[in-house]
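Please examine the sequence and the model shown below. The report that follows describes selected features of its architecture.

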Amino acid sequence: MAFQWRSFVLASMLVAALLAANGGRAAEPQVPVLWDTKERLPKPDLSALPRLRFLTTTDFPPFNFLDGAGKLSGFHIDLARAICAELSIVEKCQIQALPWVELEGALQKGEGEAIIAGIAATPQSRSTYAFSRSYLQFPARFVMAKGTALTDPVFDKLRGKRVGVIAGSAHERMLRDYFNTVQVVPFDRPEDLYNDLKTGKIDAAFGDGMRLAFWLGGSDAAGCCRFAGGPYLAPEYLGSGMAIATKADNPALAAALDYALQEISMKGTFAEFYLRYFPVSFY
């Protein structure tokens, strides 16, 4: 457990350092930078590639969805187009939306070259896919009432506090393991968790930063609360984040995607997309 805790703290410190490096000072809203600025990836030659068709879905807002005009839109759509621009293959670039259950079959049959739809990179899925590096990870965060919200370091300050979390979730396991001085209050429904936080029945909520960010920015929160401490990355609990999947026998394309993703991040394009779709930053 001591090793796990040190890894957890180091991951959190790394996030803070990367955020600070992205613009000098850590100002709100903060944008995640998951790339080492000192590492330069070689630009691939894709002149022989006949096509790069990204496969996605229409039912995963704000990543991919149909807008009011029925046009395929979202974070992933903008990101795919930016990747093609960085690889200088705009004229070969296509995006096709399919039901989630059809994505793997379409890729294996050659109906597309990459899936950009949130397929998790796990030991099991790596037997089917080659993945790009992660371009977006989902940290855990604490949320507290604005008048009582703590600042880092929060570990000792949370001692004895009543902290709500969704029962049976990875976040509950993480909270019990890493913040074992708090009083864990499990909830079956997010709505009940949020209501008890707003009414002061619990001191804090702990959970997925992205979901909490959407709640904080919505009408239900009514401006009651804000993030406190964090963000906390813990891949052993929360996974390695989002990556683009290609066929397992096409690691060269995955490497080409890495180059494009790094360039998009370094040039600030990723930050533009992130702030467009996540106005309340979960970092």
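Predicted model: local features only at pLDDT ≥ 70, side-chain atom pairs only at ≥ 80, totals over all residues.

The residues concerned are Gln137, Phe138, Leu233, Ala234, Pro235, Leu238, Gly239, Ser240 and Gly241. The volume of this second largest cavity is about 40 Å³.

The largest cavity has a volume of about 60 Å³. Around the largest cavity lie Pro32, Val33, Leu34, Trp35, Tyr135, Leu261, Ser265 and Phe270, which form its lining. By class, seven residues of this lining are nonpolar, one is polar and none is charged.

## The five-stranded sheet

An open sheet is formed by five strands in the order S10-S9-S11-S8-S12, with mixed pairing. Its edge strands are S10 (183–187) and S12 (225–232), each of which pairs on one side only. On average, neighbouring strands of this sheet are turned by 30 degrees against each other, direction ignored. Within the sheet, strand S8 (residues 140–145) and strand S11 (residues 204–208) run antiparallel and are joined by four bridges. Val143 has Ala205 of S11 opposite it.

Two helices pack on this sheet. Helix H5 (residues 190–198) touches S8, strand S9 (162–166), S10, S11 and S12, and the direction of H5 makes about 160 degrees with that of S9. Helix H6 (residues 209–216) touches S8, S11 and S12, and the direction of H6 makes about 165 degrees with that of S12.

Strand S12 also contains Pro231. The peptide bond that joins Gly230 and Pro231 is cis, with omega about 5 degrees.

## The three-stranded sheet

A further open sheet consists of three strands in the order S2-S3-S4, and its pairing is antiparallel. Strand S2 (59–60) and strand S4 (72–73) each have a single partner strand, so one side of each is left without a neighbour in the sheet. Strands of a sheet pair through backbone hydrogen bonds, either parallel or antiparallel.

The pairing of S2 with strand S3 (residues 64–66) is antiparallel and extends over two bridges. Asp59 stands opposite Phe65 in S3. The loop between S2 and S3 holds Pro62, and the peptide bond from Pro61 to Pro62 is cis, with omega near 5 degrees.

## Packing of helices H2 and H8

How are two packed helices described? The description uses the angle between their axes and the distance between the axes. For helix H2 (residues 75–86) and helix H8 (residues 251–266), the angle is about 105 degrees and the axes are 9 Å apart. Angles of 65 to 115 degrees count as roughly perpendicular, and H2 and H8 are therefore roughly perpendicular to each other.

On the H2 side, the contact involves Leu79, Ala82, Ile83 and Glu86, which meet Leu257, Tyr259, Ala260, Leu261, Glu263 and Ile264 in H8. Eight residues of this contact are nonpolar, none is polar and two are charged. Leu261 of H8 is also one of the residues that line the largest cavity.

## A residue with positive phi

Ser88 lies in the loop between H2 and strand S5 (93–97). Although Ser88 is not a glycine, its phi is positive, at about 60 degrees.

Terms used:
Residues numbered from 1 in each chain as written. Heavy atoms only, no water. 1 Å grid on protein atoms, 1.4 Å probe; cavity = no way out; pocket = protein on both sides within 12 Å on 5 of 7 lines; lining within 4 Å. Points joined across faces, edges and corners; volume = space filled by probe spheres on them. Nonpolar A, V, L, I, M, F, W, Y, C, P; charged D, E, K, R; others polar. Pairing = 2+ DSSP bridges. Axes fitted to C-alpha atoms, helices over the stretch in contact; angles between N-to-C directions. Contact = heavy atoms within 4.5 Å. Parallel < 35°, antiparallel > 145°, perpendicular 65-115°, else oblique.
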